[in-house]
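Have a look at the model first, then read on.

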Amino acid sequence: MTRYVFVTGGVVSSLGKGIAAASLGAILEARGLRVSMVKLDPYINVDPGTMSPFQHGEVFVTDDGTESDLDLGHYERFVRTVTGRHSNYTTGRIYERVIAKERRGDYLGATVQVIPHITDEIKRSIKLGAGDADVCMVEIGGTVGDIESLPFLEAIRQMGVEQGRNAVVYMHLTLVPTVGASEIKTKPTQHSVKELRGIGIQPDVLLCRSKDPLPDEQRRKIALFTNVEERAVISAIDLDDIYKIPQALHEQKLDEIIIERLGLQAHPTDLAEWARVVEAKANPDCTVDIAMVGKYVQNRDSYISLNEALTHGGLKSRTRVNVHFIESTDIETQGTGSLENMDAILVPGGFGERGIEGKIAAVRFARERGVPYLGICLGMQLAIIEYGRNVLGFQDANSTEFNRASEHPVIAMITEWQDQAQGAQTRSEGSDMGGTMRLGAQEVLLAEGSVARELYGADVIKERHRHRYEFNNNFLEQFKRAGLRFSGFSRDGLVEIVESPAHPWFLATQFHPEFTSNPRDGHPLFTGFVRAARTARQARPAAASGA
């Protein structure tokens with residue numbers, strides 16, 4: 001029987017429920033347990049696919065093509081489990097399903113209400129996400145007291161009754177602020193737990209987010225006023241590396257408390273892999289500066305998987321990666337001066353016309369200066385546009401996303417240049433704007449002798465996609481003759497990877513490799529990219545001295 005750990009939050013949002021849930025999942029997995037992860041989001045959007053990156057941050061894409069909350073990225077970086085469409089449910093998705101059932105007559109004319117119909121659908125969804133795991137970590141978005149979260153909280157309260165209290169653990173994350181130099185305040189945590197108990201949930205574990213470890217006096221005080229065991233009042237202190245969190249929680253015996261509470265049998269904890277990750281990150285022997293030229297850099301969460309993937313790539317060669325977030329519109333107005341001292345340049349994905357010319361200027365800078373370049377999704381499309389304009393002489397080369405009147409639409413919707421019958425599109429569940437999206441993991445065939453083939457060490461790979469536009473294959477031969485190498489194709493002939501053999505390291509992909517990177521394994525493309533940046537950095541002093 002699957003056991004459940006429900007993770008809630010109080011006082012303020014963004015305390016790190018996702019990281020806490022993922023870290024506990026990593027410890028339980030390190031003890032030989034099968035762990036699944038579920039995120040419940042209180043917003044009414046059906047999925048995050050059409051939400052602004054400025055407001056919501058990154059849209060994480062799973063193998064099965066689900067556009068999901070960025071916390072699923074944390075889950076997959078910490079836990080070996082692969083998330084999917086049953087791993088993320090929003091209020092909008094829950095209500096959409098209930099309304100669809102009502103329209104079909106599934107409720108036999110009954111009055112449809114939040115209780116029991118909405119809460120029953122939430123419980124059903126949680127169980128689907130749990131699968132056959134030993135433990136399912138369920139994170140409830142928002143904070144206790146939010147109107148939007150109440151149906152989810154009621155549903156997990158009911159599961160505590162239905163599953164039995166030895167099958168459920170409630171873990172509550174709160175803030176313990178320090179006022180002035182050293183005055184620790186426990187009252188916010190007391191009130192947060194009071195709010196949670198008011199809706200029928202008594203927490204079993206408190207994770208107290210604080211600047212410094214909680215003194216015993218404050219732990220005893222919190223335990224007394226919240227009816228939680230003192231040993232289960234855990235200090236979730238600020239750390240300089242999120243990958244230290246599993247060890248920090250294990251040292252406070254959080255996994256022992258959970259396993260004991262759930263009556264599970266588990267192996268001794270083996271966090272050796274995490275120790276190696278932390279040690280490699282803390283002891284680099286080289287530093288590189290990589291420019292990420294993006295459109296949403298004001299919100300760093302928009303590129304969280306990319307940022308982490310670059311860090312993972314550095315771990316393999318003990319290289320500290322300093323990511324410099326550069327707004328592409330600034331390049332349009334101020335030029336490429338911000339790229340002058342960079343060891344490598346990355347242009348990520350994105351949608352819409354704003355900042356496109358700045359990104360194209362960054363691509364040209366990298367190509368002409370011999371700076372290592374990695375383009376992802378839109379970053380590949382813009383690399384092709386730049387090559388078409390400045391190498392092939394197609395002055396108006398563009399994507400039909402930005403200029404439908406171009407005589408050289410080198411990037412276009414597949415239906416604009418290829419018969420629809422080839423069926424290269426998939427539909428995004430619950431999102432009309434996703435109707436033409438290619439989503440999820442698909443096979444990519446790698447060309448023999450290519451950089452990509454060498455990095456992956458395989459001739460067929462699987463990577464995740466999230467895009468509408470493709471390279472226009474009507475221009476394929478012209479680009480080949482001009483020296484661009486097409487080193488990866490989908491099984492139905494769509495371009496997936498381009499390289500420039502004349503360049504020290506120039507590679508761009510239509511897919512999103514960052515979604516499958518994790519700190520323990522890294523990802524071959526990011527590992528290769530960081531090594532290229534390191535080589536470029538080491539070569540610069542020699543070049544500067546005239547060697």
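The axes of helix α1 (residues 17-30) and helix α3 (residues 71-78) come within 9 Å and cross at roughly 25 degrees. That makes α1 roughly parallel to α3 (angles under 35 degrees count as such). This is a predicted model, where local features need pLDDT of at least 70, side-chain atom pairs count only at pLDDT 80 or more, and totals for chains, interfaces and linings use all residues. Residues are numbered from 1 along each chain as its sequence is written, and side-chain values use heavy atoms, with hydrogens and water left out.

**Ground rules**
- Helices (H or I, at least four residues) and strands (E, at least two) are DSSP runs, numbered from the N terminus.
- Axes are lines fitted to C-alpha atoms, for helices over the stretch in contact, with angles from 0 to 180 degrees between N-to-C directions.

**The α1/α3 contact**
- On the α1 side, the contact (heavy atoms within 4.5 Å) uses Gly18, Ile19, Ala22, Ser23, Ala26 and Glu29.
- From α3 come Asp71, His74, Tyr75 and Phe78.

**The sheet**
- Nine strands form an open sheet with mixed pairing, in the order β13-β12-β14-β15-β23-β22-β21-β18-β19.
- β13 (319-327) and β19 (460-467) are at the edges with a single partner strand each, so one side of each lacks a neighbour in the sheet.
- From one strand to the next, the twist averages 25 degrees.
- β22 (residues 495-499) and β23 (residues 506-509) pair (at least two DSSP bridges needed) in the antiparallel sense over three bridges.
- Val498 sits opposite Ala508 in β23.

**A helix across the sheet**
- Helix α12 (residues 304-315) lies across β12 (286-294), β13, β14 (344-347) and β15 (373-376), at about 155 degrees to β13.

Technical notes: Parallel < 35°, antiparallel > 145°, perpendicular 65-115°, else oblique.
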